[in-house]
Amino acid sequence: MGKSRLVHEAVRSLHGWLVLSSGGAAYATQTSYYPFVDVLKSLFHVQDTDAAAEVQDKVRRSLPPEPDRLLAPVLDLLGVLPADDAFAKVDPSERRQRTHDALRQVFLAASVAEPLCVIVEDLHWIDGETQAVLDRLVNGISARACSSS
């Protein structure tokens, strides 16, 4: 029995949870945030056949209230950020920080609506940015769990 099978069996018991799953891929080791694109598509019900305007609308409608700081990084990750958006001109370190913050906020908002399980398989194929976001999410959960006990 492999690791993926164990995860599948564990997830079967999560009734009432939102389960989002993705993974690294050998061909995407240099693609920043690659697994999160699939997770965001699932979360926002984005289909590969959706036009850019349709994706933008789905994301806008699904983001928590006051999505101003979240919208541009999420649209950028999904490849539908308008070319003239100010986020495209932001300093790379600020873009990175805003992208990390947006992913954290999106997952936090989703977890408030219902319990959330995010599965990222094949970690040996992920890029450094994906690893940084995962580390931040795990550390945030750990800190929150310790402060509530």
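Predicted model: local features only at pLDDT ≥ 70, side-chain atom pairs only at ≥ 80, totals over all residues.
The space in the second largest pocket amounts to about 190 Å³. Its lining consists of 14 residues, and Leu18, Leu43, Phe44, Ser62 and Ala110 are the closest to its centre. Strand 1, helix 2 and helix 5 each give two or more residues to this lining. Helix 5 provides the largest share, with four residues.

The largest pocket holds about 610 Å³ of space. Its lining comprises 19 residues, and those nearest its centre are Phe107, Leu116, Leu137, Val138 and Ile141. At least two lining residues come from each of helix 5, strand 2 and helix 6. The greatest contribution is that of helix 6, which supplies ten residues. By class, the lining of the largest pocket contains eleven nonpolar, four polar and four charged residues.

In soluble globular proteins, nonpolar side chains tend to be buried together. The largest nonpolar core of the model is made up of 34 residues, and the most contacts inside it belong to Leu40, Phe44, Val59, Val74, Leu78 and Leu103. Two or more core residues are given by each of helix 2 (34-43), helix 3 (52-62), helix 4 (68-77), helix 5 (92-113), strand 2 (116-121) and helix 6 (128-148). Helix 4 gives the most to this core, namely six residues. When residues up to four places away in sequence are not counted, Leu40 touches Val74, Leu77, Leu78, Leu103 and Val106.

Backbone geometry was examined next. Most residues other than glycine have a negative phi. Tyr33, which is not a glycine, has a positive phi of about 65 degrees. This tyrosine lies in the loop between strand 1 (18-23) and helix 2. Tyr33 has a relative accessible area of 8% and is therefore buried, the cut-off being under 20%. A positive phi, near 55 degrees, is also found at Asp122, a residue other than glycine. Asp122 is placed in the loop between strand 2 and helix 6. Because its relative accessible area is 40%, Asp122 is classed as partly exposed.

Methods: Residues numbered from 1 in each chain as written. Heavy atoms only, no water. Core = buried A, V, L, I, M, F, W, Y, C linked by side-chain atoms within 4.5 Å. Buried < 20%, exposed > 50% of the residue type's maximum accessible area, 1.4 Å probe, protein only. Contact = heavy atoms within 4.5 Å. 1 Å grid on protein atoms, 1.4 Å probe; cavity = no way out; pocket = protein on both sides within 12 Å on 5 of 7 lines; lining within 4 Å. Points joined across faces, edges and corners; volume = space filled by probe spheres on them. Nonpolar A, V, L, I, M, F, W, Y, C, P; charged D, E, K, R; others polar.
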